[in-house]
Amino acid sequence: MTAGSPSSSASTRPLTTSHIVFLIVAAAAPLSAMVGTVPLAFAIGTAEGVPAAFLFAGVTLVCFSVGYTLSARRTGGSGGFYASIADGLGRPAAVGSGWTAVVSYNCATIGLVGALGYFTSLVLSDHGVHLAWEWCCAIGLALVAVLGYRDIAISARVLAVLMISEIGILAALDVAVLARHGVHALPGSSFSWHAATGPGLGVSLMFAFVSFIGFESAALYGKEARNPRRSVPRATCVAAVLISGFYTLTSWAAVGAIGPGQVRETAGKQLGDLFFNLGDDYLGAAGSTVLQIMLCSSLFAATLALHSAANRYAQVMADDGLLPAFLGRLHPRFGSPHLAGVAQVAMCAVAAVAFAAGGLDPYANMTTSMLGLGTVGIVALQALSALSAVALRRKGTRLGWWRGTVVPLLGLAGLTATLWLVVGNFDVLTGATGGVVTRLPWVIVLVAVLGVLWALRLRAVAPERYRALATAHVAPDADRTDIAAPAHPPATVSEPI
């Protein structure tokens with residue numbers, strides 16, 4: 001066991017399957033996705049066909065989850081994309097992916113900090129409390145720092161309360177729409193071929209996949225899960241089905257509430273106020289107020305969840321000597337990567353100060369650019385992980401063609417198309433029309449290439465250190481042969497390239 005590894009005793013690991021589900025659903029931020037992306041997809045995407053885009057995204061990511069969870073079982077459910085890609089594609093690809101994950105999750109967290117400050121300031125202002133977005137960011141970051149420093153189970157419990165409240169208010173809105181309109185609240189036209197594939201399909205699919213970002217983070221908590229080889233795969237699949245079903249139903253009910261023929265025009269006029277206006281209409285003024293409060297809590301929950309994920313990527317890379325060693329240290333009492341958390345909060349604070357000092361908007365500049373960059377990196381990693389699952393067959397694992405090849409390839413096809421859409425519509429995603437922001441996706445390419453080159457350098461000058469890569473993160477009770485018996489001796493199956 002490395003110095004940074006927690007105890008292998010299951011009794012000392014705090015996370016259950018339900019805890020991990022709350023962590024990853026919080027990262028996807030359902031209410032924030034509904035309020036922030038659905039109106040845009042209605043306005044410039046396929047309008048009434050948006051629910052079909054969410055359903056397609058959900059099916060694609062369930063396919064991705066099948067392959068991703070195969071690697072999670074083989075590696076003990078720890079290490080995230082770094083472990084998954086090492087398992088199927090080898091160490092050079094893993095190092096490039098690990099560095100990409102660190103950059104992507106940190107950028108996404110910074111983007112959410114900007115959104116948290118911006119929307120919290122607006123909501124407070126609507127209720128007569130005037131507090132600058134910078135102070136809202138500072139308060140939110142302070143809370144994230146305290147919770148992230150402590151036992152991960154505490155964060156999971158906080159997120160559980162926030163998620164139940166967040167999903168509850170949106171479920172109440174769905175029920176109110178159904179109660180008023182009956183079967184017409186869920187118009188069949190949303191899933192017609194004409195509506196689902198109409199003008200703006202690429203934009204709708206892009207926003208649909210963006211809304212799932214963070215759901216794959218279950219495979220970062222294997223060392224802290226009581227039964228990682230069961231809870232991590234289960235949590236990933238449960239989260240994928242839960243989030244996709246919830247997004248599809250809520251966006252579908254919104255189409256019914258507005259009226260299929262009026263969706264594009266209404267969303268174009270109201271944009272970010274669309275769901276608040278629906279709340280006011282169907283739940284009353286109190287319901288609209290609760291939606292506003294829950295939006296702020298949703299952004300806080302997402303920030304905390306991605307903060308936790310970013311810390312654990314830093315810990316994994318530090319354990320393998322690919323980042324400064326102090327980032328891999330665990331708190332002697334809480335078992336959290338506390339120094340990585342401190343560094344991550346400091347990075348977010350510096351970014352917020354820099355954007356504020358430059359007179360830039362926290363949402364139109366900070367959130368869109370940073371969250372957009374993080375999205376590009378995470379979708380690219382999802383696609384690579386799907387490819388890695390297909391590559392497991394060449395390592396001698398006996399997997400059925402359906403689970404081992406067909407389903408991961410379906411996920412790979414959908415994610416590759418999504419990556420192309422996100423990069424091709426990066427100006428739409430970020431609201432930028434040119435300049436440095438539109439070239440940000442090249443940062444992901446640069447980081448990935450540098451990671452691959454660093455791994456190749458290690459293979460040449462430090463072969464023992466190279467061979468140790470992608471092994472320190474593996475959970476103590478991992479058994480890489482528990483999915484399918486290898487066709488060759490275990491050493492040739494489980495040893496990454």
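Tutor: The sulfur of Cys 137 lies 7.3 Å from the closest cysteine sulfur, that of Cys 136, which is too far for a bond, a disulfide being a pair of cysteine sulfur atoms within 2.5 Å. Cys 137 is buried, at a relative accessible area of 3%, where buried means under 20%, exposed over 50% and partly exposed in between, with a 1.4 Å probe and protein chains only. This is a predicted model, in which local features need pLDDT of at least 70 and side-chain atom pairs count only at pLDDT 80 or more, while totals for chains, interfaces and linings use all residues. Residues are numbered from 1 along each chain as its sequence is written, and side-chain values use heavy atoms, with hydrogens and water left out.

Cys 107 is likewise buried, with a relative accessible area of 11%, and for its sulfur the closest cysteine sulfur, in Cys 348, is 9.6 Å away, again too far for a bond. The structure as a whole holds zero disulfides.

Cys 348 also takes part in a helix contact (heavy atoms within 4.5 Å), in which Asn 106, Thr 109, Ile 110 and Val 113 of helix 6 meet Gln 344, Met 347, Cys 348 and Ala 351 of helix 14. These residues divide into five nonpolar, three polar and no charged, with Ala, Val, Leu, Ile, Met, Phe, Trp, Tyr, Cys and Pro counted as nonpolar, Asp, Glu, Lys and Arg as charged, and the others, Gly among them, as polar.

Definitions and conventions. Helix = DSSP H or I, 4+ residues; strand = E, 2+ residues; numbered from the N terminus.
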